[in-house]
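Let's take a walk through this structure together, one neighbourhood at a time. Keep the sequence and the 3D view open beside you, and turn the view as we go.

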Amino acid sequence: MTANRNLPFEPTSEALAGWLDSLSKLPHAQAAHQLNQVLKQLKDEKCQTGVLLALLTNLTPLTLHFSGSLSASASNEPSSSGTAYKLGKLSMQLPRQLGLLFCQLAESNTLEGTDLQTAIYYALQLIGICFRSYSLFYEAPSATLWKKSAALFKLASTNDCLNTSQATKLAEFKSQTTIETVVKRNLLFSVLMPNQFSREEINQFFLLANQHADLLEITSDRQAWNFGFYWDLNDELPPCPVRKTNKSLPEGYIAIDSQRISHDLQLGGIATKLPPSTQNKLALFLSGYHQVFGSIIPGLPSYSKLILGFGGITNYLQELNKLVKIQQLSSLSGEKSLKRDLSLVPLEHQRNVFEALDQPFSAKQQSVGKSVNVLKTPNKLYQIAESRGLDCSTGDLALLYKEQHPVSLAIIRQQNFNDLSNANHVLLEMVPGQCTIYSLAKNAIVPHAIIVGEDSEHPQVFLASGKYNVGGKIQLSIGHSLILTACLESNAYFARFKFSFDS
């Protein structure tokens, strides 16, 4: 056994106890920082795996304590202060560092039996705590933690210990008695999309997942098809809604069925401290929006066009922006309005954009968007687009446009095939606010950003899918920058943030 000279104690239980006692005499933040440094150093510590496992297990209670207390302290600070940022980062780093250490140990092929199960169990528990911390500070999901979660799940499955009872004295872990229930807790908390809610609601979401994740049903049976979400074990993305309806489960995927939880939330079988509107929204989401699909208001539909995907939407908005500027210049010079057969993309106040079939310069127009019927529902948050030939993916961005109406950005939340109309029904969650497009600096990988509600109290920016950090800057071509203040949503199609302009 070789001790790392940078470690402030010998890797024994007695030495660790003495060091932990010395931490109690330090200011809270300083003690947490020293613990974080030790966790980093333990990554390269050379000692027997059994000794290291015991060491990590003994460090877990203090890690959980510091992470929780730092998070509470950060929440009491002004969100824009440097102190809040530092405390929040440290509260996230502690369970992340320790969870990855347990993961490293589990994947080392040096443990077996109950020791291997303990390492997997603790790793997944700490990763779940980290997911909560990320949400409380509105960070984007961690690709590393989801990749490691998938690896641990497959390792537990291979060793046939997913449903083996795990003994623990930690109160934070006692709600989950098996590795599978920990996985279910982490999956349920993630699919609830907690970043879109307040910190108080995020804590309630985690409590809900902690206490009722056993109601979640998961399976790797490839014949499964009636499920609302899936987790791709071969990727590093969090679980997400099924992209296409009525498809069998691909190999390497885990099907996630949340119908039982939705049912209990709707009927009050699950008691929460969430506002009724939030609880109803969760129940609706977890059910696959069945009530919305079933409550379409009879009447004539609204004929519209739907553009799919971040790239298609930014292209359209760019062309529209160019034509608005041309129109403004034409008005200033006293010239007449633009001729409709010269428009690359229609302007709503100029003409009917759906009557372009007789135009000689209409090839580009016809390729922009798909024709859909927009159906009304009692729920003002959602609209349903009906089409027989629309091929889209749940979770993707969409843009609705029609004559004499401003464009409307939306997110595809669910799809449902309607047997009566023999058409696909696409449920759109509308993003309120006026859309504006900005060009990014020349070194940007994707050249544009979509801003919604620029003049509102809480403007949002939609960026191409990628890795972004809270506090990061997005340089605009006009010389200003967007400062990302909170991640609301991040998936394979886009990243959605609250932001502010730099001064």
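This is a predicted model: local features need pLDDT of at least 70, side-chain atom pairs count only at pLDDT 80 or more; totals for chains, interfaces and linings use all residues.

You will find Thr 168 in the loop between H6 and H7. If you set aside the neighbours within four places in sequence, Thr 168 is in contact with Tyr 121, Tyr 122, Phe 173 and Lys 174.

Which rings are linked into a cluster by ring pairs? They are Phe 102, Tyr 121, Tyr 122 and Phe 173. In the whole structure there are 19 aromatic pairs. One of them joins Tyr 121 and Phe 173 edge-to-face, with 6.1 Å from centre to centre and 90° between the planes. This pair links distant parts of the chain: Tyr 121 belongs to helix H5 (residues 113–136), while Phe 173 sits in the loop between helix H6 (143–158) and helix H7 (179–191), 52 residues apart. Are these two residues buried or exposed? Tyr 121 is buried, with a relative accessible area of 1%, and Phe 173 counts as buried at 0% relative accessibility.

Another edge-to-face pair is made by Tyr 289 and Tyr 382, with 5.2 Å centre to centre and 65° between the planes. Here too the pair links distant parts of the chain, 93 residues apart: Tyr 289 lies in the loop between helix H10 (276–286) and helix H11 (290–293), and Tyr 382 is in strand E7 (residues 382–387). Tyr 289 counts as buried at 2% relative accessibility, and Tyr 382 counts as buried at 2% as well.

Rings can also meet charges. The charged end of Arg 132 sits over the ring of Phe 206, 4.6 Å from the ring centre.

Helix H9 (residues 259–267) can be read in the same way. Here Ile 261, Ser 262 and Leu 265 are buried. Because these residues cover an arc of only 100° around the axis, they lie on the same side of H9. What covers them includes H7, helix H8 (199–212) and H10. Just after H9 comes Gly 268, which takes a positive phi of about 80°.

That glycine brings us to backbone angles. Most residues other than glycine have a negative phi. Asp 160 has a positive value, with phi near 55°. Asp 160 lies in the loop between H6 and H7, which is also the loop that holds Thr 168. Look for Asn 422 in the loop between strand E9 (408–418) and strand E10 (423–431). At 48% relative accessibility, Asn 422 counts as partly exposed.

Our last stop is Val 242, in the loop between strand E3 (240–241) and strand E4 (253–257). Val 242 counts as buried, at 13% relative accessibility. Which residues is Val 242 in contact with, leaving aside its neighbours within four places in sequence? They are Phe 227, Gly 228, Phe 229, Tyr 230 and Thr 394. As for Asn 226, 16 residues away along the chain, its C-alpha atom is separated from that of Val 242 by 9.9 Å.

Notes
Residues are numbered from 1 along each chain as its sequence is written. Side-chain values use heavy atoms; hydrogens and water are left out. Helices (H or I, at least four residues) and strands (E, at least two) are DSSP runs, numbered from the N terminus. Buried means under 20% relative accessible area, exposed over 50%, partly exposed in between (1.4 Å probe, protein chains only). Contact means heavy atoms within 4.5 Å. Rings of Phe, Tyr and Trp (its six-membered ring) pair if their centres lie within 6.5 Å; planes under 30 degrees apart count as stacked, over 60 as edge-to-face and the rest as tilted. A charge sits over a ring if NZ of Lys or CZ of Arg is within 6 Å of the ring centre and within 35 degrees of the ring normal. The arc is that of the directions from the helix axis to the C-beta atoms.
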